[in-house]
Amino acid sequence: KSGYIALVGRPNVGKSTLLNRILGQKISITCKKPQTTRHQILGIRTEGEVQSIWVDTPGMHLAQGTRDKAINRYMNDAASQALRDVDVVIFLIDRTKWTEEDDLVLKRLEFVKCPVILAINKVDWLEDKKSLLPFIEAVSQKRNFDQIIPISAKQGDQVEALMQEAEQRL
Ligand code: GDP
Ligand code: MG
């Protein structure tokens, strides 16, 4: 079993931290340059029978000040197109807040038919885990996510569970 997993999210939510943890020493290849016009391969993870190819999607990194322009043309955008040919999307957000940029990423995912897993990162910041419940409730209204998983990329909490959720959908 093998397939493409796209990791998307606004800057600073913890994508690099999560990838480092996921791919860690298991990186087979990494390449800074795009392999195709559609995806940048960040790494390949092989676990038993499952091979997952982790990709970054060009155009998901929106510079400040270009947002409105980006909104207007998002439907034609390569990013939205590229996301159509991945097998699973992991949408990473920061538990402390949902921002306008998160809305923009969500909009990009509107036409994505493959499973979309929402990963709520940085839960190690929480003193009281119960305070996460209203946040989960709020974000679960945003889209019918296939799964919502609170994680800590930094400490590794639930990262294994997230990978399993993604890989079982390949
Ligand atoms: P990216 O821009 O999405 O790639 O985000 P980074 O991986 O660069 O992380 C942005 C900042 O958030 C860095 O200072 C990370 O150390 C921090 N960070 C990432 N994941 C976690 C986490 O699970 N918990 C905490 N407390 N900080 C995190
Ligand atoms: Mg990064």
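Trainee: By class, which residues make up the shell around ligand 1?

Mentor: Keep in mind that this is a predicted model. The shell around ligand 1 has seven polar, four nonpolar and four charged residues.

Trainee: How many residues surround ligand 1, and which are the closest?

Mentor: There are 15 around ligand 1, and the closest are Gly14, Lys15, Ser16, Thr17 and Lys154. Helix H1 gives the most to this shell, with three residues.

Trainee: Where does helix H1 lie?

Mentor: Helix H1, residues 15–23, lies across strands S1, S2, S3, S4 and S5. Its direction is at about 35° to S2.

Trainee: Let's turn to the sheet. In what order do the strands come?

Mentor: Here is the general idea: strands of a sheet pair through backbone hydrogen bonds, either parallel or antiparallel. In this model six strands form an open sheet, ordered S2-S3-S1-S4-S5-S6, with mixed pairing. S2 (40–47) and S6 (147–150) are at the edges with a single partner strand each, so one side of each has no neighbour in the sheet. From one strand to the next, the twist averages 25°.

Trainee: In which sense do S4 and S5 pair, parallel or antiparallel?

Mentor: Strand S4 (residues 88–94) and strand S5 (residues 116–121) pair in the parallel sense, over six bridges. As one example to find on screen, Leu92 has Ala119 in S5 as its bridge partner.

Notes
Residues are numbered from 1 along each chain as its sequence is written. Chains are lettered from A and ligands numbered from 1 in the order in which they are written. This is a predicted model: local features need pLDDT of at least 70, side-chain atom pairs count only at pLDDT 80 or more; totals for chains, interfaces and linings use all residues. Two strands pair if DSSP finds at least two bridges between them. Helices (H or I, at least four residues) and strands (E, at least two) are DSSP runs, numbered from the N terminus. Axes are lines fitted to C-alpha atoms, for helices over the stretch in contact, and angles run from 0 to 180 degrees between N-to-C directions. Two residues are in contact if their C-beta atoms, placed from the backbone, lie within 7 Å. A residue is near a molecule or strand if its C-beta atom, placed from the backbone, lies within 6 Å of it. Ala, Val, Leu, Ile, Met, Phe, Trp, Tyr, Cys and Pro count as nonpolar, Asp, Glu, Lys and Arg as charged, and the others, Gly among them, as polar.
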